[in-house]
Amino acid sequence: MAASDVFVIAGAGLAGAKAAEALREQGFDGRIVLIGAESHLPYDRPPLSKDYLAGKAERGSIDVHDADWYANQRIELRLSTEVTAIDRAAHQVELADGSFLGYTKLLLATGSSPRRLPITGADAAHYLRTVDDSQRIRQLLTAGNRLVIIGAGWIGLEVAAAARQAGAEVTVVEFAELPLLRVLGPELATVFADLHREHDVDFRFGTTVAEIQTSAEGQVTGVRLSDDTVIDADAVVVGVGASPNTALAEAAGLDVDNGVVVDAALRTSDPDIFAVGDIANAEHPTVGQRIRVEHWANALNQPATAAAAMLGSEAVYDELPYFYTDQYDLGMEYVGYVEPEGYDQVVFRGDVAAREFIAFWLADNRILAGMNVNVWDVVDPIKALIRAGDPIDPTRLADPDVPLDDL
């Protein structure tokens, strides 16, 4: 690539910042323009529902880089603005202020947005996506405050754990019969249900919220469930999933289907436009199908592959999906990919009652995913077992005396 080339990155979160970093590390000497809607420097999002939310991490600790780093790397950081349109024929983007910026290559890292509830009173609820959201929710986590959380996914449960540890009263409303049921299946969902019940979280399963009730001043007073039960509340946090921010790509005529459709090199249907992170619905050679994963590891690792492809190198993103959570005294890592009901058994190794174990999801005796709970330094051998794709003896897999490397 020539020094006169301009690479534009739309989205200044972790993925955007890591893409700019990867381009410089891989030798790109041209102009890099990193554009983000927020006023903050690019930052890591997992702490927003974990240590930062709980007040255990300082604000500066979540930034990907400090301001000097961007200046030293000659990365033009344009904050408090966003790309509003792409003119593919002219190879230029339009910004929110009406100005235009030409590009040689364009990377979309626009992330996702929390799904909003279409119910009365929804505007009084809190949604967790940004550092500002996390700061606002942190103020609600005080002893005796009554918090209703709608949705028992990862965000909902992590907020519940932080709230209970701060002394707030917590009720979690979930349409399914267990938390994380679609993600983990019933075998592991019960582990998290039991964990939170032990910390006095009140679950209301199999129901939905019909209305968030507010006072004349707009303060939350409670929620009314679909069966007309009313739960008194001082605040409501909604965590019912997120939607990929694909409007920009769709308006530009790129292929969009459950995200921006990209190949294994993270290239869209336009050879000069790439996509990473939450929006990328990518061909995955190891999983053997197209997947879109809304996890931190994708935002962290995909940009290096996209940068290589943008620079003309052969590149394939084949990292296995990975995520983690910390709730109370439970720490967990999950690696691999399993469709809901896409497995035929779960094999446990270790002490499930003590929450020190590894769980493996299998189909036809082949490992699809593994989750280690309060057991550490096992992600690499689990990855190796998944990649190998060989049939495994479930009895040996369950035996903690058989090293994972020997399976």
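Strand E20 (280–284) gives the most to the lining of the largest cavity, with four residues. Helices (H or I, at least four residues) and strands (E, at least two) are DSSP runs, numbered from the N terminus. On a 1 Å grid over the protein atoms alone, a cavity is a set of points where a 1.4 Å probe fits but cannot get out, and a pocket is an open set with protein on both sides within 12 Å along at least five of seven lines; lining residues have an atom within 4 Å of a point. This is a predicted model, in which local features need pLDDT of at least 70 and side-chain atom pairs count only at pLDDT 80 or more, while totals for chains, interfaces and linings use all residues. Residues are numbered from 1 along each chain as its sequence is written, and side-chain values use heavy atoms, with hydrogens and water left out.

The count comes to one cavity of 30 Å³ or more. The largest cavity holds about 60 Å³ of space, where a volume is the space filled by probe spheres set on the grid points, joined across faces, edges and corners. Its lining includes Ala 280, Ala 282, Glu 283 and His 284, along with Asn 298 and Gln 302. Both E20 and H8 supply at least two residues of this lining. By class, the lining of the largest cavity has six nonpolar, three polar and three charged residues; Ala, Val, Leu, Ile, Met, Phe, Trp, Tyr, Cys and Pro count as nonpolar, Asp, Glu, Lys and Arg as charged, and the others, Gly among them, as polar.

Eleven of the 15 residues of H8 are buried (under 20% relative accessible area, with exposed over 50% and partly exposed in between, for a 1.4 Å probe and protein chains only). Among the buried residues are Asn 298, Gln 302 and Pro 303.

The second largest pocket has about 210 Å³ of space. Its lining counts 14 residues, and Thr 286, Val 287, Tyr 337, Ile 367 and Leu 368 lie nearest its centre. Strand E26 (366–373) and helix H9 (379–388) each supply at least two residues of that lining, with E26 giving the most, three residues.

Charged side chains also pair up. The whole structure has 22 salt bridges, each a side-chain nitrogen of Lys or Arg within 4 Å of a carboxyl oxygen of Asp or Glu. Arg 355 and Glu 198 form one of them, at 2.8 Å from N to O. Arg 355 lies in the loop between strand E24 (345–351) and strand E25 (356–363) and Glu 198 in helix H6 (residues 186–198), so the pair ties together parts that are 157 residues apart in sequence. Arg 355 is buried, at 12% relative accessible area, whereas Glu 198 is exposed, at 54%. Elsewhere, salt bridges that share partners join Arg 31, Glu 76 and Arg 78 into one network.
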